[in-house]
Structures are given as C-alpha cells and as structure tokens.
Amino acid sequence: YFIRHTHYHNPDDIYAFHLPMYLSPQGRQHAVRVGRWFVEQQIGSLPIYASPIVRCVQTAEIIASATHASITLDKRLIETSLPNLQGKKKPDKTPWILEEEDPSRESRQSILARILDFYNEKIAKGNDCIAVSHGDALTILYYHLSHKPLPLYLWGPDNNDNVINRGEILKIELKGKTIHSLSRIKV
C-alpha cells in the first residue's frame, strides 16, 4: 500500500518540497480516516515506511496509532528536490509549468529510480507493507506500473484525474512478483 501524505498547513501557498510543513487539522482528520480504513479492512500491524519529511511522518504516525504498526523512515520515499523554488510563493497562474521547467528540479528518472528501488526491495522480501510518500514519487510510480507515458506537465489541470491525491491509497496486489491488480482508493 502506497499512501500520499494528507493535507498540510501552507497558508502562504509556497512550494514546500523538503520544508517541514505540518499537517493541517483537516489533514490530521483525513489521516485518521486512512488509519481507520486499514482497521476496517482488517489490515493491521503492517510495517510502515515513510519519507522523513514532517507531513509524511505525521501521516504515518496517525495511521500507525490506529494499526499498531511500527514506522521506519526511508529516504527513497522523499519528496522531489527543487532547491530553486523551495520556499518561494507559487505564481497565481500555471505554477506547475514553473515547477516542471526549473533546471534545479530532480529528474523524473531519478525519482522513479529511487521509488522503484524501494518497491523492488519490498517485493523481493515478499512482505506486505505501507509506504507514505509524496505526490510526484507516487504518481510517477503509478504511471510506470500502469505502463502509461508521463505527460509533459504532471500537475497540469489536464492531468488531475491521473495524479495520486493527498491521502489516497495506491493498492498493489501481486501474484508472485507480477502485478495482479493496481487500484486507487480514496478514503
């Protein structure tokens, strides 16, 4: 199970990336619902791996409190690096273009390589787990596993239906090491 962190407090609408942005009250409530979903599905005590960035750690902690799971931080799940824009206010129009075209942005290949390294390691071990990560990493993984080509602008309005949303669960069911089903669960 891959989960994108829930909503975080960002009143100035800045590019967050690696900044320590804390969950909003709505984000905390959403994380509680995600944790409750695992309990209702009788999926408890799975190890949880999380990006070390605060919003993912907090989401993972709330889920872990419901499922009685342990949490391990894993840098391969970290948010995209974009040092030129981190902390800067997003423009009113087309912030996704500025973000995608910035030369300091971590490449999609790099993002995919690290999330796939995590994914393949967990498959090789054969144990179910929960991973809490970020929109770019999870959306790029989803495209890769779905065998879909990535759009030019991942966060453009034409692609809203294809991004992994905050608090959304990407459930991957395997038969052996082959994907049997790939589903998105909105809680």
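Visitor: What should I know about the model before I start?
Guide: It's a predicted model, where local features need pLDDT of at least 70, side-chain atom pairs count only at pLDDT 80 or more, and totals for chains, interfaces and linings use all residues. Residues are numbered from 1 along each chain as its sequence is written, and side-chain values use heavy atoms, with hydrogens and water left out.

Visitor: Is E99 buried or exposed?
Guide: Buried means under 20% relative accessible area, exposed over 50%, and partly exposed in between (1.4 Å probe, protein chains only). E99 comes out buried, at 11%.

Visitor: Which residues is E99 in contact with, leaving aside its neighbours within four places in sequence?
Guide: Contact means heavy atoms within 4.5 Å. On that basis, E99 is in contact with Y15, F17, L82, L85, R105, D136 and W155.

Visitor: And how do I read a pocket? Which residues lie nearest the centre of the largest pocket?
Guide: On a 1 Å grid over the protein atoms alone, a pocket is an open set of points where a 1.4 Å probe fits, with protein on both sides within 12 Å along at least five of seven lines; lining residues have an atom within 4 Å of a point. Here the largest pocket has 23 lining residues, and R4, K90, E99, W155 and R166 lie nearest its centre.

Visitor: How does that lining divide by class?
Guide: Ala, Val, Leu, Ile, Met, Phe, Trp, Tyr, Cys and Pro count as nonpolar, Asp, Glu, Lys and Arg as charged, and the others, Gly among them, as polar. The largest pocket's lining has 10 nonpolar, 5 polar and 8 charged residues. For the second largest pocket, the lining has 9 nonpolar, 3 polar and 4 charged.
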